Amino acid sequence: MQVKRFVATDMRRALELVRQELGSDAVILSSRRVREGVEILTSAANTPVTNAAPAVSAAAPAAATEAAVFAGVGGNKSALSAREIHDEIALASRQRMARQQAEASADEFLGSNQVVNAGIARRNAAQTEPQNAAPARVQTAAERYGLLDDVAPSSTNTSKNSDEIGQLHEEIAQMRELLEEQLSRLGAPPSGPNSGQVASLIRRFERMGFAPNVCEPLLKQPFKSRVLAKAWPEAMARMAKAVPVIDQDFTASGGVFALVGPTGAGKTTTIAKLAARYVLEHGADKVALVTTDTYRLAGHDQLRSLAAILQVPVRVVDDNNSLSSVLRSLRRCDLVLIDTPGLRHGAPELKQQMAQLAGIAKIQSLLVLPANSQAQMLQASRHAYSAAGLSGCILTKLDETASLGEAMSCAIGSNLPIAYTTNGQDIPADIAPARGHQLVATAVQLAQLSQHSAQARG
């Protein structure tokens, strides 16, 4: 008797090797599990077998043969009788047929793709499909419920569907924001076809600190898109265009400038930055500093220290030296910067100071507004210092504020152009000419940071 040994990873592969080598009439003598997988000992069907266990034909169904060989624990079926092996083969065949019928019924009822979409995890046996077969395409929800056209979708249709879905999401977001606004204000929303969109945009600007009377005029005109995500950039562009700014570097060409504003607004530090920039570009002999602060004890000492560092002249306006005479003595200087005291709103000294500045035509007054102040304080400062004949304003302390909309609303509402913005104490680095789009972008960033901080605390 010629006995051959076959080893494979599983019984199916082992039987396939037997068929290829000995044909379908081969006789299986024994089988057992080994480290490599499965071991089968066989002989040709026409070879007599002595003292061998009842043989199993290799032509039997794979699952039935495997069940006949491994129905018990231990693996070797040589001890079983021919009747027992026949019964086990028949049982395995019936079980496999029943399983196939159940799977076919499930496929017919749900569809092969809908089984996956419905969340039914059906795992096919390894014997029913090849290992390298391509996975079945998963049916989308739109296909399952017949939401697609009969024709093949084009790129235009895909883009249109994407826009419609995006619009649906944005409309839901608008409804949510509108509901929140109604609950918070207990008032009626704006009327009109785009009332929901306008209300959502106004709410976003209010979160940035902008006043409603500043936002609403900008949003009266309809937007190109009803989708909030697309209307928001257009709304920000309108806001950036509405911000009044001085297009050029205001002090770069020289002149006489007086910085006015409340105490602690950053007037002296801003003068230091402007003076240092001009000295670096034109030289120290072209700049002069003037202070009218004789109300505070040693109020001009800081300016004297700055002048000593920059090596520029400094003059003090007092009872013996009027502002006009001091300016005449500095007529050879291209840039003269005047530092003024911060006084209480409504104080007689403040009115006298503003009248003195307004009386000299060549002086251009700039209101210094700290961005970290409340909206009411900013409006009060603008009203108090407007007697000086303001040419513009400077927004300071952008690095110390959590919201920029209040200061921008003050400038927009009073049509007071913004000349510079400052965002730190470094001299002369932390100052730059104002740009509308940069201010709006900074306001958005500050609002996002404030929202993230609130969420982290919550």
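Arg277 counts as partly exposed, at 23% relative accessibility; partly exposed is the range between buried (under 20% relative accessible area) and exposed (over 50%), using a 1.4 Å probe and protein chains only. The model is predicted, so local features need pLDDT of at least 70 and side-chain atom pairs pLDDT 80 or more, while totals for chains, interfaces and linings use all residues. Residues are numbered from 1 along each chain as its sequence is written, and side-chain values use heavy atoms, with hydrogens and water left out.

**Around Arg277**

Arg277 lies in helix H10 (residues 267-282); helices (H or I, at least four residues) and strands (E, at least two) are DSSP runs, numbered from the N terminus. Leaving aside residues up to four places away in sequence, Arg277 touches Asp249, Thr251, Tyr420, Pro428 and Ile431, where contact means heavy atoms within 4.5 Å. Thr251 is 26 residues from Arg277 along the chain, and their C-alpha atoms are separated by 9.8 Å.

What does the side chain of Arg277 form with that of Asp249? The two meet in a salt bridge, 2.5 Å from N to O. A salt bridge here is a side-chain nitrogen of Lys or Arg within 4 Å of a carboxyl oxygen of Asp or Glu. This pair links distant parts of the chain, with Arg277 in helix H10 and Asp249 in the loop between H9 and E5, 28 residues apart. Asp249 is partly exposed, with a relative accessible area of 23%.

**Other salt bridges**

By this rule the count comes to six salt bridges. Three of them are shown here:

| Pair | N to O distance |
|---|---|
| Arg277 and Asp249 | 2.5 Å |
| Glu21 and Lys4 | 2.8 Å |
| Glu234 and Arg238 | 3.2 Å |

Glu21 is partly exposed at 46% relative accessible area, and Lys4 is partly exposed at 26%. Glu234 and Arg238 both lie in helix H9 (residues 228-242), four residues apart, about one turn of the helix. Arg238 is buried, with a relative accessible area of 18%.

Which residues of helix H13 (residues 348-358) are buried? They are Leu350, Gln353, Met354 and Leu357. These residues cover an arc of only 95° around the axis, which puts them on the same side of H13; the arc is that of the directions from the helix axis to the C-beta atoms. They pack against strand E5 (255-260), helix H12 (323-329), strand E9 (363-370) and helix H14 (375-385). On the other side of H13, Pro348, Lys351 and Gln352 are exposed.
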